[in-house]
Amino acid sequence: MRGARTARTTTDYEAATGRIAGLPLRRHHVLLVAWTVLWFFLVEPSGGFSWHYLRQGEQLLFSGQPDGGLSLYAHHPELQIGPVSLAAARLTAPFSPHTGELLAEAVSAGLGLVMLVLIGRTAAFHYLGTGTNHRRLQQRLLIAGLAFIPMWVEVSVRFAHLDDVLALFFTTLAAHALARGKPVQVALFLALAVDSKPWAIAFAPLILALPRRTWLRAALWFCALVAVAWLPFYLGNLDTLAAAKFTIPNQPASALRWFGVTDPSTPWWDRPAQFALGIGLGCFAVWRGRWPAVVLLGADARILLDPSVYTYYTASILLGTLLWDAIGQKRLVPWWSWIALAALYGGTLLLPTDSARGLVRLAFVVVSALYVLFWPTQRTRRPRPPAEGAGTRRGARRRERVLVDA
């Protein structure tokens, strides 16, 4: 009798969590792993497009050359890569160039899967105690993940942008820490994101989604950890300040063209405007009680004002839509993840003219920003540490926390 009851309990648990019998795996995880492996092998033969920048940067950073070390950014402003990313790239130094590149691509692709699991758990923590249907959440994550993975492989394998990979990975960790109510961890991971790639500063408004009493402590930690990584380069060579003025060509398909910006390269005001717009929109989203929109809005600001149109930029948009689809709303079908993939990646491949591609980019940014900021939806509560109540409520919470590993 007891054995039958135990077997029935196990079956009910596996049905509720999607766990495969006898294995510590969820069904949607297995499908996403297979999808990632497929895309990895499709893209890897033409991958590593920008890996040489990482390899050059880490060699210069850890060398005694006059144009390396703390003078790296002063002499090589084209290396818009954070020191944390260069330190991570250094881990591939003991291997041959090809093996090191392949290893970096494989690890980066795998981090995308880790991010999907983290976002599932972030959503589960965020809705803890609300009676969330976790199987429905898993289905939503699976559908959104099928859109996310192709763009993640674009940034992690085709372009091998370890710096963007780490910036987005640490941002995902920050969102997870936010849902768990860990202010110091939020600050730590956001700082590591900025130390990996400077444009991640647009995600800093996530700090404001913490309880007000923790703002100062988290902000101080964030500023201190950013300073620890970047200040030595500015003190070591004052010409490092010039690296912020590095420009790239203003592509005909950029959304900037629709604002009448025809400069051949990055306008002087462009980078500060990107940061200001991303941070401003993120702060407004938090004020509106919609912190899961912060990453999407920061990425929108980059797409809107960046003079270039590299397809790997879309990975940050897909992370933003993934967070919104998993946490910001409860619809089964994550429309925004697939709209982003179709508009920004499909548009690049299918639209015939640069002008049309730029218009689609502009339209997506405007519509998605207005939607996540103003469209009526269930108000997302401010994240806080999961607290157990007394009596039956405590038991219910404990039963639901079993499902947090969505």
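Visitor: Which helix is Leu 281 found in?

Guide: Leu 281 sits in helix α11, which covers residues 270-287. Bear in mind that this is a predicted model.

Visitor: Why is Leu 281 called partly exposed?

Guide: Its relative accessible area is 21%. Buried means under 20% and exposed means over 50%, so Leu 281, at 21%, counts as partly exposed.

Visitor: Which residues is Leu 281 in contact with, leaving aside neighbours within four places in sequence?

Guide: Those are Leu 297 and Leu 373. As for Phe 203, its C-alpha atom is 10.0 Å from that of Leu 281, and the two residues are 78 apart along the chain.

Visitor: Now the surface. What makes up the nonpolar patch?

Guide: Phe 284, Trp 287, Val 366, Val 367, Leu 370 and Phe 374 form it, with about 610 Å² of accessible area together. Helices α11 and α15 (354-374) each supply at least two of the residues, and α15 gives the most, with four.

Visitor: Why does Val 367 count as partly exposed?

Guide: Val 367, in helix α15, has 46% relative accessibility. Exposed takes over 50% and buried under 20%, so 46% makes Val 367 partly exposed.

Visitor: What is the mean pLDDT of the protein, and where does pLDDT stay under 50?

Guide: The mean is 87, and 86% of the residues reach 70 or more. Residues 4-16 stay under 50, with ten contacts beyond four places in sequence in the model. Residues 385-403 are also below 50, and that stretch has 28 contacts beyond near neighbours in sequence.

Note on methods:
Residues numbered from 1 in each chain as written. Predicted model: local features only at pLDDT ≥ 70, side-chain atom pairs only at ≥ 80, totals over all residues. Heavy atoms only, no water. Buried < 20%, exposed > 50% of the residue type's maximum accessible area, 1.4 Å probe, protein only. Contact = heavy atoms within 4.5 Å. pLDDT = per-residue confidence, 0-100. Patch = residues over 30% accessible without salt bridge, like charges linked within 9 Å, V, L, I, M, F, W, Y side chains within 5 Å. Areas by Shrake-Rupley, 256 points an atom, 1.4 Å probe, with all protein chains shown as cover. Salt bridge = Lys/Arg side-chain N within 4 Å of Asp/Glu carboxyl O.
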